[in-house]
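I opened the notebook to write down what I looked up, one part at a time. The model comes first, and my entries follow it.

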Amino acid sequence: MDADPKVFVISGPSGAGKGTLTTEVLKRVPSLARSISVTTRRPRPGEKNGVDYYFVTADEFREHIRKNDFLEWAEVHGNYYGTLRSIVEKELAAGKDVVMVIDVQGAISVKKMMPEAVLIFIKPPSMEELRKRLKERKTENEAELERRMKNAEAEMKLAKLYDFVVINDDVNRATDELVGIIQSIRSKS
Ligand code: 5GP
C-alpha cells in the first residue's frame, strides 16, 4: 500500500481531452481512483449518473454546500460542480491516490488546502484545434461553444500556476506523458 497517498488535479479547457486522457491513465495506473464530481449540469447523451458525475438539482447542490460536504466547488460555464470531501477521503484512506478532473478555480482551492497536491494542466495543440474538437463532439450548441472558447482563453493563461503542462497533440503520447508524471511523483514517496 502507498504510505503517502497523492492527490492529482487535472484541468484544462473544455475539449482539450481531459476526460479521455484520464480514462486512459486510470486503465494503466493501479491504485488510482477518479473522484466523481457532483454537478447541476444536465447529462449529455451516454453519460451515467454515478459514473461520469452525480447529477443533481440546484437545490440538492445547495444542500451539499450548506452541509459543508464539498472539498471545493465552483460555477463553471453557468453550472455548478463540486468535489465531495467524503469520496476523496474514502479513497485516500484506502491507500489509493486520487485524481480530480476539475476547473482552474477548483484546482487553486485544492492547492491552497493541500499544497502537496500535484496540478497538471492539459492544453490543446492550438485554439483552432480546440474549436474543431468542440464542434466535432456536437455536445454544445453554438452559444455554448463560444462560451467555452472564451473561457478556454482565460483558463489557458492560468496554466502557469500548474506543476506540469501536457499538450494533448496525440492521445497515446499524452497518456504516456501523464502516466510518466504520476509514476515519477509516486516513486518519490
Ligand atoms: P463538463 O461540463 O465539460 O463536464 O465540465 C466543465 C468543467 O467543469 C470542466 O473544466 C471540468 O473539469 C469542471 N469540473 C468538473 N467537475 C468539477 C468539480 O467537481 N469541481 C470543479 N471546480 N470543476 C469541475
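Predicted model: local features only at pLDDT ≥ 70, side-chain atom pairs only at ≥ 80, totals over all residues.

Residues are numbered from 1 along each chain as its sequence is written, and side-chain values use heavy atoms, with hydrogens and water left out.

**Entry 1: strand β6 and its partners**

I looked up β6 and found it mostly covered, since five of its six residues are buried. For pairing I used the rule that two strands pair if DSSP finds at least two bridges between them. Strand β5 (residues 70–76) pairs with β6 in the antiparallel sense over six bridges, and E75 has Y80 of β6 as its bridge partner. These two strands form a hairpin with two residues between them, and H77 in the turn has a positive phi of about 50°. On strand β3 (residues 38–39) I counted two bridges to β6, again antiparallel, with T39 partnered by Y81.

**Entry 2: the open sheet**

Next I followed an open sheet of five strands, in the order β2-β7-β1-β8-β9, with parallel pairing. Its edges are β2 (32–34) and β9 (164–167), each with a single partner strand, so one side of each is left without a neighbour in the sheet. From one strand to the next the twist averages 25°. Four bridges join β8 to the parallel β9, where V165 is the bridge partner of F121. I then saw that α1 packs on the sheet and touches β1, β2, β7 (97–101) and β8, its direction making about 150° with that of β2; axes here are lines fitted to C-alpha atoms, for helices over the stretch in contact, and angles run from 0 to 180 degrees between N-to-C directions.

**Entry 3: helix α6**

Which residues of α6 are buried? I listed E144, L145, R148, M149, A152, E155 and M156. Seen down the axis of α6, they fall within an arc of 140°, so they line one face of the helix; the arc is that of the directions from the helix axis to the C-beta atoms. The face turned away from this buried side carries the exposed residues A143, K150 and K157. The buried residues of α6 pack against β6 (79–84), α4 (104–113), β8 (118–123) and α5 (127–137), where contact means heavy atoms within 4.5 Å.

**Entry 4: residue S14**

Finally I looked up S14, which lies in the loop between β1 (7–11) and α1 (18–28). At 7% relative accessibility, S14 counts as buried. Its side chain makes a polar contact with the side chain of R137 at 3.1 Å, and another, of 2.7 Å, joins it to the side chain of R148. I noted that a polar contact is a pair of N or O atoms within 3.5 Å; within protein, one must be able to donate a hydrogen and the other to accept it, and residues adjacent in sequence count only if both atoms are side-chain atoms.

Technical notes
Buried < 20%, exposed > 50% of the residue type's maximum accessible area, 1.4 Å probe, protein only.
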